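Dear colleague,

I am handing over the structure below, together with some notes on what turned up when I went through it. Please read the notes with the structure open beside them.

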Amino acid sequence: MKKLLQVSNLHAGVENKEILKGLNLEINPGEIHVIMGPNGTGKSTLSSVIMGDPSYTVTKGTISYNEKDLLEMSVDERAREGVFLAMQYPSELSGVNNLQFLKTAINAKREENDPIKLLDFYKQITKTKEKLKMKEDYAERFVNVGFSGGEKKRNEIFQMILLEPKLIILDEIDSGLDIDAIKIVGENIMEYYMEHKEETGIIIITHYPRLLEYIKPDFVHIIKEGVIVKTGDASLAMHLEETGYDEI
Ligand code: ADP
Ligand code: MG
């Protein structure tokens, strides 16, 4: 079986500052990995580097995705090939409504002469809107503009469901969510996973075991100062809740 993602000895940072200092991570299709760790240890940087954010420079190490050199691929190519990042702080796109945004993103992944049929597209929008309990005017509103924190996070999951990615990185998707929203987000991530697990792997960055009531991870990793210092199963997340990071 092909590895979905292989990060080997990754060193990356900004300008003169090294943030990731020899990080290793391997993900097979069908696996859910949780990454936890204190603030400022490089979790979002890892996500950004995998997605191809040009503000970060990789100085050493490799990342392969389905056995291709990910670092050689542009951000667009990565997205087309199924890499998806729900950012910790989702951007607002003033002037672009959710419908236009989603249609463009879906068609960018399809062959040029085979855009999605409008009827299928609207059906998916209606279904997903209900699942995620988005407001009635969701489709017409500008992407994330004036959305509450929780609506922005649910919108990331909306995009995920419609874009059908294969490597999913969810950076603090549960931060700022009330308990009902965590349930909606958690259940929808799990439903997507169950329907796509043969070819899909998920990385969930979180501080809270609450989300893990809905999502059952295969591995939990603790990152500290730019490297993974410990890997365990779901019980590690529960254990941390009691001990904090100091013991690691
Ligand atoms: P985490 O997501 O684990 O909280 P980050 O990856 O966001 O941590 O950040 C790790 C460290 O790198 C922090 O000290 C942060 O201030 C720094 N950092 C991240 N991105 C940048 C950037 N674009 N410019 C300068 N410093 C950055
Ligand atoms: Mg972060």
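Helices and strands in these notes are DSSP runs numbered from the N terminus, a helix being H or I over at least four residues and a strand being E over at least two. This is a predicted model, in which local features need pLDDT of at least 70 and side-chain atom pairs count only at pLDDT 80 or more, while totals for chains, interfaces and linings use all residues. Residues are numbered from 1 along each chain as its sequence is written, chains are lettered from A and ligands numbered from 1 in the order in which they are written, and side-chain values use heavy atoms, with hydrogens and water left out.

Ligand 1 comes first. The residues around it (those with a heavy atom within 4 Å) are V14, K17, I19, P38, N39, G40, T41, G42, K43, S44, T45 and Y56. Helix α1 gives the largest share of this shell, three residues, and β2 (17-27), like α1, supplies at least two.

As for polar contacts, meaning here pairs of N or O atoms within 3.5 Å, an oxygen atom of ligand 1 lies 3.1 Å from a polar backbone atom of T41, and a backbone N or O atom of G42 is 3.0 Å from an oxygen atom of the ligand. On the side-chain side, an N or O atom of Y56 is 2.7 Å from a nitrogen atom of ligand 1. Taken alone, ligand 1 exposes 560 Å² (Shrake-Rupley method, 1.4 Å probe), and the protein buries 63% of that.

Since S44 sits in helix α1 (residues 43-51) and Q88 in the loop between β6 (83-86) and β7 (93-97), the pair ties together parts that are 44 residues apart in sequence.

With buried meaning under 20% relative accessible area, exposed over 50% and partly exposed in between (1.4 Å probe, protein chains only), S44 is partly exposed at 26%, whereas Q88 is buried at 17%.

Finally, P115, in the loop between α3 (98-109) and α4 (118-131), is partly exposed at 45%.

Best wishes

Notes. A polar contact is a pair of N or O atoms within 3.5 Å; within protein, one must be able to donate a hydrogen and the other to accept it, and residues adjacent in sequence count only if both atoms are side-chain atoms.
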